[in-house]
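The following questions and answers examine a protein model from its coordinates.

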Amino acid sequence: MDIRQDFADAVGRTPLIRLRRASELTGCDVFAKCEFANPGGSIKDRTALGLLLDAEKAGALRPGGTIVEGTAGNTGIGLALLGASRGYRTIITMPNTQSREKIDALRVTGAEVHLVPAVPYANPGHYAHVARRMTEELNERTPGSAWFANQFDNTANRDFHEATTGPEIFVQTAGRIDGFVCSTGTGGTLAGVGRYLKANKPGVCVALADPAGSALANYVNTGELKAEGGSITEGIGSSRVTANFKDAPINLAWSIADAESLPLVHALLAEEGLNVGGSSGVNVAGAIRLARELGKGHTIVTLLADAGTRYQAKLFNPEFLRSKDLPVPEWLARAFPQ
Ligand code: PMP
């Protein structure tokens, strides 16, 4: 029998799939790790599990305790489902700009969801600060009752990717990987996978695909935290260097516009049957750029972080796309006539 024991045991060991179009376009083998296949539907199930196991071990999260986290949604979904599976209550703070689908997915887990205005990190009303304060208040009332997961600056996030995502990619490519690229939110994935790959094959090129509106590509290239433009992608991009991102070994970084990434999201669905979210489009755009940079015959790996169904009303809604001046593929316009 090949049985996973519970939610936690079903996290990870995701398939690596060949991206046909990206491979044909570049003459490289472009592979993507199907992180939407995690039991909570995204790469952030790994983050949630890594943070939670670390907190259980340290005694920071006690039996029957409360998990508190600020999230763009996916980490919250992972934590809330793990909470359901292991007997914890979950409280989530989230910017009110995130997709209805993610908010609903959180609500049905039984998590207590607090939507807050999307404000810069320096503002005390930022969702991460609100989550931290809620944890402190709970612990003042009942000491030791609540745990703040703190995905951005708790490096158990990065460490879990270094211990799972990185080795899985290395084994699945039989060590043939030449380049790894992805976008970052907390930086946990890129830093953890990057560190593992560099330690095991120092020549691997690690690249950041950063959405427009994020300051990180500029930071890597010039040392200046400067953002330009904006993006409809969710869960990625940053205006600051988090503890998880800080030591990521990055060789190359690009800023990717929605006009470049979104057609890839649509083509992945129409031509390869892969229904993925906006960050995956940025990742695949980065994989194509990295493949061109390294030249034909190389093996490039990226990630498909979550499913497009989590953003149905935006990414696959012609009216929404037109309102943002983004291209609408003909098949999508036909599927949803005006
Ligand atoms: N893609 C999606 C859809 C996400 O939700 C996130 C995390 N918020 C990421 C990518 C980025 O992953 P990380 O936090 O490990 O940088």
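Q: Is R13 buried, partly exposed or exposed?
A: This is a predicted model, in which local features need pLDDT of at least 70 and side-chain atom pairs count only at pLDDT 80 or more, whereas totals for chains, interfaces and linings use all residues. Residues are numbered from 1 along each chain as its sequence is written, and side-chain values use heavy atoms, with hydrogens and water left out. Buried denotes under 20% relative accessible area and exposed over 50%, with partly exposed in between (1.4 Å probe, protein chains only). R13 has a relative accessible area of 48%, so R13 is partly exposed.

Q: Where is R13 found, and what is its phi?
A: R13 is found in the segment before β1 (16–18); strands (E, at least two residues) and helices (H or I, at least four) are DSSP runs numbered from the N terminus. Most residues other than glycine have a negative phi. R13 has a positive value, with phi near 50 degrees.

Q: Which loop holds D325, and what is its phi?
A: D325 is found in the loop between α14 (318–323) and α15 (330–335). Its relative accessible area is 74%, so D325 is exposed. D325 is a residue other than glycine with a positive phi, near 60 degrees.

Q: How many helices and strands does the protein chain have, and what is its radius of gyration?
A: The protein chain has 15 helices and 10 strands, and its C-alpha trace spans about 60 × 50 × 50 Å along the principal axes. The radius of gyration is taken over C-alpha atoms, and the globule rule is 2.2 Å times the number of residues to the power 0.38. Because the chain has 338 residues, a compact globule would have a radius near 20 Å; the value for the protein chain agrees, at 19 Å.

Q: What share of the contacts with a separation of 6 or more joins residues 24 or more positions apart?
A: A contact is a pair with heavy atoms within 4.5 Å. Of the 338 residues of the protein chain, 55% count as buried. Among contacts with a separation of 6 or more, the share from residues 24 or more positions apart is 69%.

Q: Which residues is V30 in contact with, leaving aside its neighbours within four places in sequence?
A: V30 is one of the residues that touch the most other members of the largest core. In soluble globular proteins, nonpolar side chains tend to be buried together. With neighbours within four places in sequence left aside, the contacts of V30 are I17, R18, L19, A22, S23, A287, A291 and I300.

Q: How many residues does the second, separate core have?
A: This second core includes I169, F170, L197 and V301. The number of its residues is 24.

Q: What covers the buried residues of α6?
A: Helix α6 (residues 156–163) has the buried residues A156, N157, R158, F160 and H161. Their cover includes α2, α7 (165–172), α8 (188–200) and α10 (243–246).

Q: Is G64 buried or exposed?
A: G64 lies in the loop between α2 (44–58) and β3 (66–70). Leaving aside neighbours within four places in sequence, G64 is in contact with G87 and Y88. Its relative accessibility is 56%, so G64 counts as exposed.

Q: Is H126 buried or exposed?
A: H126 lies in the loop between β5 (112–116) and α5 (127–141). Apart from neighbours within four places in sequence, H126 is in contact with V119, P120 and Y121. Because its relative accessibility is 10%, H126 counts as buried.

How values were computed: Core = buried A, V, L, I, M, F, W, Y, C linked by side-chain atoms within 4.5 Å.
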